[in-house]
Amino acid sequence: MKVFKHGLRIWISAASLFGFLVGWILFAHSNKPAPLFQNQPAQNAPLLSFNNSRAGLSSFSLQQQSPFRQPRLRTGGS
Amino acid sequence: MEYAEFRAMNSDILLAAEGELDRVTAGFSHARQFIERSEKRFTRFSDQSELALLNRSAGEWFKASAALFEVVNLSQGLMLQTGGLFDPSILPALRQAGYDQSMDELRKKSPRGSREPGKPVQQDFRMLRLDPTTKGIWMPPGMQIDLGGIAKGWIAEQAARLLAQYASACAVNAGGDMFLIGLPEGENAWHVGLEDPLDPFQDLTQLKVGPGAVATSSTVKRSWVQDGRLQHHLIDPRTGRPADTEWLSVTVIAPHAAQAEVFAKTILIAGPDGDRFVSQNDEEMAFIAVDKDRNMFVSKKGKEVIDVELQYA
């Protein structure tokens, strides 16, 4: 009985250590999780303020900014 | 969203698509091949392009490919819609202004030597004849056409339609002329930065646009110095010279990319009077013009796509 208890303790210890090491290896080789907060460049688009209007058009000048979220699709002329 | 970037048509090309990575990658490859093949067909900077062959065939019937025929046909329709302010037959005037090499080459060689001043466009593009049955094109003797901008818009739209076969949503941006299909997952619009014409590293604002086309024409991007004067590539057919206009850039949102490109150019050349072209099509088009003081002039429908809360004085 004493030998059985001793053997059981060794088996539990070895199994725990083995499981820990396997887990360690698995996590070390898995993909890193995405960060909760991404450090995005402070490229901000200005808000517009109304200046005047002519012939059905409205004129605006720059005022304040709002963050980009989407892919960097930009249009600037060709 | 996956992305692919490369350079073609003397422009930075951005492909964006959502979907399974393998399929999207295949779609990028397919779209890129199409763009590069089309560039060879439409460039005026190669003697071997189909466009160059057409220009050398003025005065006789030319059997065109389906692609060239379609773009020339579109050009003729849009020339009529813009009252002639868009006119592909300005090529001689464009060369006269100094734009006789690709912009990448031209930038290395500025400033340019003296040349004769431009003259109003001599040829009437309406004289060009098309035979849809044989895809035949006949141009009057001496006529030379440039399809640069409209072809770029058309290519962007066709490439996007190809890419859409591999993706749930996609965009093709060819140097500011873009075509958008579907919507990014979880979004109700595409967000497009409107570049500051005086500082290309900054955006003036963001546009929120749905599926369709966005195109910008600018007097700043493709410019060079000749005879001590800054020249640009937007020729006013009425004078045969680079347009003298109040606007630095005009952005048009429209259902089709070729249409957006042509109307952006037209409104820019026409200046503040250019809004009449959009007023006629107000339900389907919007425009935003930027002047030399960075003021933005927005058409009625354009206000709906600017991602800001308008503040009235």
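# Briefing: aromatic pairs, helices and surface

Across all chains, the structure holds 4 aromatic pairs; rings of Phe, Tyr and Trp (its six-membered ring) count as a pair if their centres lie within 6.5 Å. This is a predicted model, in which local features need pLDDT of at least 70 and side-chain atom pairs count only at pLDDT 80 or more, while totals for chains, interfaces and linings use all residues. Residues are numbered from 1 along each chain as its sequence is written, chains are lettered from A and ligands numbered from 1 in the order in which they are written, and side-chain values use heavy atoms, with hydrogens and water left out.

**Aromatic pairs in chain B**

- A pair of aromatic rings is described by the distance of the centres and the angle of the planes.
- Planes under 30 degrees apart count as stacked, over 60 as edge-to-face and the rest as tilted.
- B:Phe42 and B:Trp154 make an edge-to-face pair, with 5.9 Å from centre to centre and 65° between the planes.
- B:Phe42 sits in helix 1 (residues 21-42) of chain B and B:Trp154 in helix 6 (residues 148-164) of chain B, so this pair ties together parts that are 112 residues apart in sequence. Helices (H or I, at least four residues) and strands (E, at least two) are DSSP runs, numbered from the N terminus.
- Both partners are buried: B:Phe42 has 5% relative accessibility and B:Trp154 has a relative accessible area of 7%. Buried means under 20% relative accessible area, exposed over 50%, and partly exposed in between (1.4 Å probe, protein chains only).
- The rings of B:Trp247 and B:Phe297 have centres 4.9 Å apart and planes at 50°, so that pair is tilted.
- It links distant parts of the chain, 50 residues apart: B:Trp247 is in strand 15 (residues 247-254) of chain B and B:Phe297 in strand 17 (residues 296-298) of chain B.
- B:Trp247 is buried at a relative accessible area of 1%, and B:Phe297 is buried at 3%.
- One aromatic cluster is formed by B:Phe34, B:Phe42 and B:Trp154.

**Chain B as a whole**

- Chain B has 8 helices and 17 strands.
- Of its 313 residues, 59% are buried.
- Contact means heavy atoms within 4.5 Å. Among contacts in chain B between residues at least 6 apart in sequence, 64% join residues at least 24 apart.

- The expected span of a helix is 1.5 Å times one less than its number of residues.
- Helix 6 of chain B has 17 residues and should span 24 Å, which agrees with the 24 Å between its end C-alpha atoms.
- Since 13 of its 17 residues are buried, helix 6 of chain B is largely enclosed by the rest of the structure.
- Helix 7 (residues 257-270) of chain B has 14 residues and should span 20 Å; its end C-alpha atoms are 20 Å apart, in agreement.
- Helix 7 of chain B is mostly covered, with 14 of its 14 residues buried.
- B:Gly271 follows helix 7 of chain B and has a positive phi, near 70°.

**Residues to look up in chain B**

- B:Ser75, in helix 3 (residues 66-81) of chain B, is buried with a relative accessible area of 0%. Beyond its neighbours within four places in sequence, B:Ser75 is in contact with B:Phe86, B:Pro88, B:Phe125, B:Leu147 and B:Ile150.
- B:Pro211 lies in the loop between strand 9 (199-209) and strand 10 of chain B and is exposed, with a relative accessible area of 56%. Leaving aside neighbours within four places in sequence, B:Pro211 is in contact with B:Leu180, B:Gly182 and B:Leu183.
- B:Gly212 is in strand 10 (residues 212-218) of chain B and is buried at a relative accessible area of 6%. The C-alpha atoms of B:Gly212 and B:Phe179 are separated by 5.6 Å, although these residues are 33 residues apart along the chain.

**The surface of chain A**

- A:Trp11 is in helix 1 (residues 2-29) of chain A and is exposed, with a relative accessible area of 60%.
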